[in-house]
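Here are a few exercises to work through with the model open beside you. Try each one yourself before reading the solution.

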Amino acid sequence: MPSFAARLRSTTRIERWSLVNAVAVLLAVVGAVWLGTLAPILIVGVTMLGGLAGIERGRWTPHGTFGVANGVTALRGGLLGLLAPAASVGPWPLVALSLLFLSLDGLDGWLARRYDLSSSFGAFFDKETDALFLLLLCGLAAFQGRLPLWILGAGLLRYGFVVVLFLLPTPQKTESRSSIARYVFGVMVAALLVSFLAPPSLSRPLVAVATAALLASFGRSLWGIVAPQWVVLRGS
């Protein structure tokens with residue numbers, strides 16, 4: 001079995017970035033809990049997204065340009081800095097901003113397909129922006145006392161998933177994003193937003209169910225990557 005260092009060398013630069021990003025965000029969450037503020041998560045997350053754009057310069061799209069689809073994703077990244085101020089005003093501004101974020105999420109994918117702008121960078125940029133959005137929503141709900149602190153674990157599932165993939169002796173270090181995963185992501189966001197609007201007796205069971213679905217979705221993705229490798233190992 002190859003060593004971790006050997007497996008790391010066999011990955012692409014963007015996959016190695018995803019590991020560094022996951023570890024950095026995990027540490028940022030520890031700092032956020034310690035300080036009682038989302039600032040470390042936002043600063044680290046947005047900085048890492050900027051780093052991704054930097055290391056992939058020239059490979060942003062098949063044509064090398066940044067492209068309108070990635071521009072929309074970058075706009076969504078900018079909206080992340082408005083989540084906490086919106087939540088401080090009240091739940092409805094937060095809901096409105098989140099709905100705008102989600103609508104733009106659909107737009108950037110459509111633009112990438114429509115104008116042949118799809119790329120590995122665009123895929124990572126999109127899903128990592130989504131992951132940071134979900135984590136920040138979880139943090140807002142936890143720090144405002146609307147949900148227990150464990151909800152941060154739901155927001156960290158994506159980052160934990162990446163770390164686990166690198167620890168496992170599997171050649172594939174990134175998952176294919178399925179339609180089911182997108183639906184589960186939408187359900188999780190909706191449940192979190194309900195926690196800002198509805199009493200805990202209603203919102204907390206809903207969030208628990210959505211978290212279980214999110215966990216099952218990541219488990220399904222992990223199994224889809226690991227199971228074929230086990231078949232190969234058993235057959236060798």
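**Exercise 1. Place Leu42 in the fold, then say how accessible it is and what it touches.**

Step 1: Leu42 sits in helix 3; helices here are DSSP runs of H or I with at least four residues, strands are E runs of at least two, and both are numbered from the N terminus.

Step 2: Leu42 has 24% relative accessibility, so it counts as partly exposed (buried is under 20% relative accessible area, exposed over 50%, partly exposed in between, with a 1.4 Å probe and protein chains only).

Step 3: leaving out residues up to four places away in sequence, Leu42 touches Leu80, Gly81 and Leu136 (contact means heavy atoms within 4.5 Å).

Step 4: Leu42 and Leu83 are 41 residues apart in sequence, and their C-alpha atoms are 10.0 Å apart in space.

A word on the ground rules: this is a predicted model, where local features need pLDDT of at least 70 and side-chain atom pairs count only at pLDDT 80 or more, while totals for chains, interfaces and linings use all residues. Residues are numbered from 1 along each chain as its sequence is written, and side-chain values use heavy atoms, with hydrogens and water left out.

**Exercise 2. Describe how helix 2 and helix 3 cross.**

Step 1: get the geometry. The axes of helix 2 (residues 13-35) and helix 3 (residues 39-55) come within 8 Å and cross at roughly 165°. Axes are lines fitted to C-alpha atoms, for helices over the stretch in contact, and angles run from 0 to 180 degrees between N-to-C directions.

Step 2: name the arrangement. Helix 2 and helix 3 are therefore roughly antiparallel (over 145 degrees; under 35 is roughly parallel, 65 to 115 roughly perpendicular, and the rest oblique).

Step 3: look at who takes part.

**Exercise 3. Which way do helix 6 and helix 7 run, parallel or antiparallel?**

Step 1: helix 6 (residues 91-114) and helix 7 (residues 120-143) pack at about 165°, their axes 11 Å apart.

Step 2: that makes helix 6 and helix 7 roughly antiparallel, and their crossing is left-handed.

Step 3: helix 6 brings residues including Phe101 and Asp105, and helix 7 brings residues including Asp130 and Phe133. The class count for helix 6 with helix 7 is six nonpolar, two polar and four charged residues.

Step 4: check the loop between helix 6 and helix 7, where Asp116 is found. Asp116 isn't a glycine, yet has a positive phi of about 55°. At 49% relative accessibility, Asp116 counts as partly exposed.

**Exercise 4. How many helices and strands does the protein chain have?**

Step 1: the count is 11 helices and zero strands.

Step 2: buried residues make up 47% of the 236 in the protein chain.

Key:
A crossing is left-handed if the near helix is turned anticlockwise from the far one by less than a right angle, and right-handed if clockwise. Ala, Val, Leu, Ile, Met, Phe, Trp, Tyr, Cys and Pro count as nonpolar, Asp, Glu, Lys and Arg as charged, and the others, Gly among them, as polar.
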